[in-house]
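This report describes the fold and local geometry of a single protein chain. Please keep the sequence and the coordinates at hand while reading.

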Amino acid sequence: MPYCEINSREEENRGVKLFYKTYGHGKTKVLLIIGFAGTLESWGPQIKGLTSGDEARDEDVAESSRRDEEEEEGIEVCCFDNRGMGRSSIPSNKYHYSTTIMAKDALSLMDHLGWRKAHVFGHSMGGMIACKLASIAPDRLCSLALLNVTGGGYQCFPRIDRQIMSLAFRFLRANTPEERASVDLEVHYTKEYLDQTIGSSTRRKILFQEYVKAMSSAGMQSKHGYEGQVHACWNHKMNQDEIDTIRLSGFPVAIIHGRDDLVAQLYHARRLAERLRPAARMVELHGAHLVGHERPDEVNTALLDLIKVSESKLEQQEWSNLAERESERAMPLSNRNNDGAVVLVTLYSLLAKIQLSFLFFMGFFFMFFGHMRNIVKVLKPVRVLAVES
C-alpha cells in the first residue's frame, strides 16, 4: 500500500505515515485534502470528474513522474487520509494536530510524489489545511479551491436552533455505525436530495447502507483522532499576513459552498472570499455540507474552470466576481463606518460565541448524564426475595 513517511525531527511527526492514492496521468497535478473525520474515498465524485475514472494507480512514484514529464495533457490527482483518520497514523497527543502541522504533512506528500507545484483543493477542515499550505508555501500552488470552508475557531460550529441541538445530541450519543450514519446523512445532505427516488428505493436508504458498510469495514474515528482533529479546527486561524500572502501570490482562488450547509455557515465563507479579494471567486450552489457529492457536475466544472484560468493570463479582477464593497453589504450591522456600528458587530460576535458555549455545555451535560445513568444501573443493588424455609 502507498504510504508517505513524514521525515521530520519534530516530536509531532515521529513515526507518522500518510496513506494516499493517485489517479490519472498528466502534467497537471491536483492535491485533494479531505475534511474532518473523512477519508480519501470521500473525493470519489471529484476524482471521476477530474480524471474521467476512479481506478487508483499502483506503481512506482519515480516511474510515474518520469512518464508524466513527457505528457502534455491530462490530470493526475492525489488524495490521502489526514493524520488521525483512516489508514494514516493516529498520534495520541492532541497537540500533535493543527492545520499548520497537517499542511506540512501535505507538503511532505508533494515532495514524496516529486510534485514541484499543484492545484490544491480542500474540503471543510481540509480547506483550512489548504489555506495554511497556501500561506506557508505559496510558490508550490497553481490554484486554491476551498469547499465548504470557514475561518476556524467558533466559525466551525453551526447556528443554534432546534434542528442543530437535536443533531448534536444524537451525534454525541452515537455509538454504532447505524446511529452515526443516520446523523451524518442529515448533516451532509439536504432533505430534498435524500428524499429523491432511486428505482424502488430512496437516496436516503441507499446512502444509509453505504455509510454503515463503510464505517463497519473501516471503523469509526478513534478517540485520539477525533480529539486531535477537533483541536486542529478549534485552534485554526488565518491572520492578516497569511491572508495577504495568499491574496498577493498570483494564483486564483475559488470558494465553493452549499447554501444549505448546516455545519459551515455560508456567511463565513463569503467573509473569507471578501478577505481574499481580488484573487477569489465565490461559487454558491444549492446543496449542503457535501456539495461536491450533491452537485458533482457543477463543482467539477468550477474546479476545471479554476485549473484553466490558472493557466491563462486572465487578470485577477476579471476572475473575481466579488463587488468592490460587497463586504459592507454582506454584513448589515457594519454598513455605517462609526463607533456604534463597531459596537454592534462586536456584540453580534459575542452573542454567537455565547450560543456556541451553550451548545457545548448542553452536549457535555447530556454525555455526563448518560454516563452517570449507566453507573447507577451497574451499582444499583439487586433485590433478593426472601425464601421461606
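## Basis and overall composition

The model is predicted, so local features need pLDDT of at least 70 and side-chain atom pairs count only at pLDDT 80 or more, while totals for chains, interfaces and linings use all residues. Residues are numbered from 1 along each chain as its sequence is written, and side-chain values use heavy atoms, with hydrogens and water left out.

The secondary structure of the protein chain comes to 16 helices and 11 strands. Helices (H or I, at least four residues) and strands (E, at least two) are DSSP runs, numbered from the N terminus. Of the 389 residues in the protein chain, 45% are buried. Buried means under 20% relative accessible area, exposed over 50%, and partly exposed in between, with a 1.4 Å probe and protein chains only. Contact means heavy atoms within 4.5 Å. Among contacts between residues at least 6 apart in sequence, 76% join residues at least 24 apart.

## Parallel strands and crossovers

Two strands pair if DSSP finds at least two bridges between them. Strands β6 (residues 118–123) and β7 (residues 141–147) pair in the parallel sense over six bridges. A crossover is right-handed if, with the strands pointing away from the viewer, the path from the first strand over the helix to the second runs clockwise.

β7 also pairs with β10 in the parallel sense, over four bridges; Leu147 has Ile256 as its bridge partner in β10. Strand β10 (residues 253–258) runs parallel to strand β11 (residues 280–285), and six bridges join them. Here His257 has Glu284 in β11 as its bridge partner. The chain crosses from β10 to β11 through helix α11 (residues 266–275), and this β-α-β crossover is right-handed.

## Burial of β7 and Leu146

Six of the seven residues of β7 are buried, so this strand is largely enclosed by the rest of the structure. Leu146 is in strand β7 and is buried, with a relative accessible area of 0%.

Not counting residues up to four places away in sequence, Leu146 touches Gly122, Gly127, Ala130, Cys131, Ala254, Ile255, Ile256 and Leu272. The C-alpha atoms of Leu146 and Ala273 are separated by 9.7 Å, although these residues are 127 residues apart along the chain.

Helix α3 (residues 99–113) has 15 residues and reaches 21 Å from its first C-alpha to its last, close to the 21 Å expected at 1.5 Å a residue. The expected span of a helix is 1.5 Å times one less than its number of residues. Buried residues of α3 include Ile101, Met102, Asp105, Leu109 and Leu113. Just after α3, Gly114 takes a positive phi of about 80°.

The axes of α3 and helix α4 (residues 125–136) come within 8 Å and cross at roughly 70°. Axes are lines fitted to C-alpha atoms, for helices over the stretch in contact, and angles run from 0 to 180 degrees between N-to-C directions. Angles under 35 degrees count as roughly parallel, over 145 as roughly antiparallel, 65 to 115 as roughly perpendicular and the rest as oblique. The two helices α3 and α4 are therefore roughly perpendicular to each other. Thr99, Thr100, Met102, Ala103, Ala106 and Leu107 in α3 meet Met125, Met128, Ile129, Lys132, Leu133 and Ile136 in α4.

## Backbone exceptions in loops

Most residues other than glycine have a negative phi, and most peptide bonds are trans. Ser124, in the loop between β6 and α4, has a positive phi near 55°. Ser124 counts as buried at 13% relative accessibility. Asn148, in the loop between β7 and α5 (162–173), also has a positive phi, of about 50°. Asn148 counts as buried at 1% relative accessibility.

The peptide bond from Arg277 to Pro278 is cis, with omega near 10°. Pro278 is found in the loop between α11 and β11.

## Gln46 in helix α1

Gln46 lies in helix α1 (residues 44–51) and counts as buried at 1% relative accessibility. Leaving aside neighbours within four places in sequence, Gln46 is in contact with Gly292, Pro296, Val299, Asn300 and Leu303.
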